[in-house]
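This briefing covers one protein model. It begins with a helix and its cap, then turns to confidence, the nonpolar cores and a few individual residues.

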Amino acid sequence: MAFCDYIYSRMNTLLPSSVDDGRIDWAIALINKIVTAGAARKEFKLDWRKVANISPAGLAILACIFDTVVEQRARIKNVFIPKRFKGIPVVKNIQRTFPSLPSPSINNYESKDMLFKGNTSLDVLFRERLEEKFSDILPEELVYDVHLILNELMQNTVDHSTAERYYIYCGAWKNEFHAGLLDMGISIPAKMEQSYSCKDDLDYLKLALKEGTTTRRARTGGLGLAYFFEHLKRHEGKLTIVSRFAQIRRYFRTRRSQINILKHPLRGTWCFARFPLGEGE
């Protein structure tokens, strides 16, 4: 790498052409970079020139990046933002300066094809809006299963992560229906360390996907991530769970898996689901 390119990579982050859950290593690396920059009070740029599209999951990822910028009081300069994205709340907000972390609802967004909200507690209205908005284009069974999955993910977040805020989304994207929830609270491995002993974060994540695994003391639990896994398997969908140093991806239609330790840790847990709406992968 030429010296000038090295300087550019140190002082700038070039966002990918597609801001989505297909590859998230860039987002986790960026969040860690923001934490470092905030501590050092150094400014760096977010370069949007390559961004061609932002998926429903991409909105949630950007919202987590926004939260980190505000929390760390990082000095971020956004450059070359395409005009078509400037009306999206989270894109507008990531360009602003906030004295403290605002309500996550500041990033709420709804379009013809997607629904995205920031919350601090269980959101029954999101589930109702999901049914109203997508019942005409989705099979009744799929609407019901997405409803169940998001309900369990919200319950898990409130019960386990102790996150004061989370971001939830759903939407039709290309030939798939996407849904998921992202929080920046206590990670799954950190929570499970209190009740179980595993050799690494991947084993903690695998254990969390098994029905009956729970860290609750007051009531029966252990269904949230098991629901997530089983419903996606039944629909031959795609599942991604990332927490602390672990990432698990399952592609049920092709029976492929990607299970790996991350280079940079993620504070919290990100859960992404993709349901096929047509033929093909």
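Asp200 caps the N-terminal end of helix α8, with a side-chain oxygen 3.2 Å from the backbone nitrogen of Leu202. The model is predicted, and its mean pLDDT is 88.

**Helix α8**
- Helix α8 spans residues 201–208 and is mostly covered, with 6 of its 8 residues buried.
- The buried residues of α8 are Asp201, Leu202, Tyr204, Leu205, Leu207 and Ala208.

**Confidence**
- A pLDDT of 70 or more is reached by 90% of the residues.
- Over residues 1–8 pLDDT stays under 50, and the model has 5 contacts beyond four places in sequence for this stretch.

**Nonpolar cores**
- The largest nonpolar core holds 47 residues, and those with the most contacts inside it are Trp48, Ile54, Ile61, Ile65, Val91 and Trp270.
- Two or more residues of this core come from each of the helices α2 (25–40), α3 (56–72) and α4 (89–93), and from each of the strands β3 (43–47), β7 (114–119), β8 (166–173) and β11 (256–276).
- Helix α3 gives the largest share of this core, 11 residues.
- Ile65 touches Trp26, Leu30, Ile31, Ile34 and Ile94, residues up to four places away in sequence being left out.
- Another core, of 39 residues, lies apart from the largest one and includes Ile149, Leu153, Tyr166 and Phe229.

**Cysteines**
- The structure holds 0 disulfides.
- Cys170 is buried, because its relative accessibility is 0%.
- Cys271 has a relative accessible area of 5%, so this residue also counts as buried.

**His178**
- His178 is in strand β9, residues 176–183.
- His178 counts as buried because its relative accessibility is 0%.
- The side chain of His178 makes a polar contact of 2.9 Å with the side chain of Glu176.
- Beyond four places in sequence, His178 is in contact with Asp21, Tyr169, Cys170, Gly171, Trp173, Ala273 and Arg274.

**Ala172**
- Ala172 belongs to strand β8.
- With a relative accessible area of 18%, Ala172 falls under the 20% cut-off and is therefore buried.
- Residues touched by Ala172, other than those up to four places away in sequence, are Asp113, Phe134, Ile137 and Phe177.
- The C-alpha atoms of Ala172 and Leu138 are 9.3 Å apart, and the two residues are 34 apart in sequence.

**Ser17**
- Ser17 sits in the loop between strands β1 (12–14) and β2 (18–19).
- Its relative accessibility is 37%, so Ser17 counts as partly exposed.
- Ser17 touches Lys50, Val51, Ala52 and Asn53, not counting residues up to four places away in sequence.
- Ser17 and Arg49 are 32 residues apart along the chain, and 8.3 Å separates their C-alpha atoms.

How values were computed
Residues numbered from 1 in each chain as written. Predicted model: local features only at pLDDT ≥ 70, side-chain atom pairs only at ≥ 80, totals over all residues. Heavy atoms only, no water. Buried < 20%, exposed > 50% of the residue type's maximum accessible area, 1.4 Å probe, protein only. Helix = DSSP H or I, 4+ residues; strand = E, 2+ residues; numbered from the N terminus. Polar contact = N/O pair within 3.5 Å; in protein donor to acceptor, adjacent residues only side chain to side chain. pLDDT = per-residue confidence, 0-100. Contact = heavy atoms within 4.5 Å. Disulfide = S-S within 2.5 Å. Core = buried A, V, L, I, M, F, W, Y, C linked by side-chain atoms within 4.5 Å.
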